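Colleague: I am new to this one. Could you walk me through how to read it?
Modeller: Gladly. Let us open it.

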Amino acid sequence: MMRRGLLLAALSLTAAAQDGVRIAGPSSPAPGAAFVMERSRRWSEAIQVELAGEVLHEQSASGSLAYVCKVEVVSGTETKLTFEKATYEDGGRVREMELDGKTIVMKREGDEVSFALAGGGEPTDDASEFLEGEFGRARKTPSLLPPDEVATGETWRVSLEDLAGRLGLEWDAFRAEKFEGAARLAAIAEKDGASMATIEIALDAAPEAMDGNRLTESELTIAATLEVPVEGTVPYRSLSAKASLSGVGAPEKGTADIMTEYRMTFELEEKVRP
């Protein structure tokens with residue numbers, strides 16, 4: 001039987017979700033904070049160019065990245081990253097990371113970021129590239145959160161620019177488009193000692209251009225589920241997303257018989273937990 005205190009908290013949470021709440025999102029980790037970060041990405045791209053029905057050029061690329069690490073915020077300028085595992089494959093080449101079981105000391109001074117092995121030494125070139133890409137870049141991450149109070153089941157709009165920025169997607173077709181998707185507050189529940197909001201996001205669109213080509217028969221889909229704290233008192237969060245883009249393009253100018261077919265996929269799973 002649920003204890004009275006937990007029952008009252010659950011009832012209060014349910015009432016708040018029905019009345020509408022303002023979702024603060026994750027807090028910024030302060031010195032002394034420690035948490036676990038898990039992240040995996042997989043992507044693929046395929047392009048085929050035809051002239052009058054004859055294939056002139058084909059190329060494809062794919063890659064994957066996955067890691068689990070403990071993050072310890074030592075100070076405003078120093079963070080320790082202890083990797084349980086880290087793998088990185090790009091273009092069919094498995095990178096020499098050598099990070100499993102290792103601790104990396106990351107120091108940030110202004111715009112400069114450095115990475116070193118705890119106890120001395122430098123990470124491999126492949127590991128340095130990975131660390132710079134995942135932890136070193138100072139970039140603004142769109143929150144995708146509602147601008148006002150929302151109740152469970154209510155929706156708001158999110159831009160393609162913000163959604164692509166949050167996922168780290170840089171497909172050329174996004175650059176000139178102004179599409180919007182719909183976000184919905186699916187639920188609020190207690191998890192990891194905090195009230196967590198589950199947000200579902202969907203975007204379906206037909207981009208008109210890519211790489212200087214006018215697209216026809218194009219289809220872009222993005223589906224994501226985001227989980228963030230309501231009150232902003234903890235740094236915990238999770239994100240699961242899939243995206244795909246396909247289309248056939250013809251040059252804006254030049255030979256109309258040249259056709260380019262695009263097929264791209266992207267998957268992301270990330271979690272920040274105690």
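Colleague: In which sense do strand 1 and strand 13 pair, and over how many bridges?
Modeller: Keep in mind that this is a predicted model. Strand 1 and strand 13 pair in the antiparallel sense, over 16 bridges. One facing couple is Ile 47 and Tyr 262, the latter in strand 13. Strand 13 also pairs with strand 12, again antiparallel, over 13 bridges. There, Ala 241 stands opposite Leu 268 of strand 13.

Colleague: Which residues have the most contacts inside the largest nonpolar core?
Modeller: The general idea comes first. In soluble globular proteins, nonpolar side chains tend to be buried together. Here the largest nonpolar core has 39 residues, and Ile 23, Leu 167 and Ile 199 have the most contacts inside it. Strand 11 supplies the largest share, 6 residues. A second, separate core has 25 residues, including Leu 65 and Tyr 67.

Colleague: What does Ile 23 touch beyond its neighbours within four places in sequence?
Modeller: Its contacts include Leu 145, Leu 185, Ile 199 and Val 228.

Colleague: How do I read a pair of aromatic rings?
Modeller: Use the distance of the centres and the angle of the planes. Take Phe 83 and Phe 135: their ring centres are 6.3 Å apart and their planes lie at 80°, so the pair is edge-to-face. Phe 83 sits in strand 3 and Phe 135 in helix 2, 52 residues apart.

Colleague: Is Phe 83 buried or exposed?
Modeller: Phe 83 is buried, at 1% relative accessible area. Phe 135 is buried too, at 11%.

Terms used
Residues are numbered from 1 along each chain as its sequence is written. This is a predicted model: local features need pLDDT of at least 70, side-chain atom pairs count only at pLDDT 80 or more; totals for chains, interfaces and linings use all residues. Side-chain values use heavy atoms; hydrogens and water are left out. A nonpolar core is a set of buried Ala, Val, Leu, Ile, Met, Phe, Trp, Tyr and Cys residues joined through side-chain atoms within 4.5 Å. Buried means under 20% relative accessible area, exposed over 50%, partly exposed in between (1.4 Å probe, protein chains only). Helices (H or I, at least four residues) and strands (E, at least two) are DSSP runs, numbered from the N terminus. Contact means heavy atoms within 4.5 Å. Two strands pair if DSSP finds at least two bridges between them. Rings of Phe, Tyr and Trp (its six-membered ring) pair if their centres lie within 6.5 Å; planes under 30 degrees apart count as stacked, over 60 as edge-to-face and the rest as tilted.
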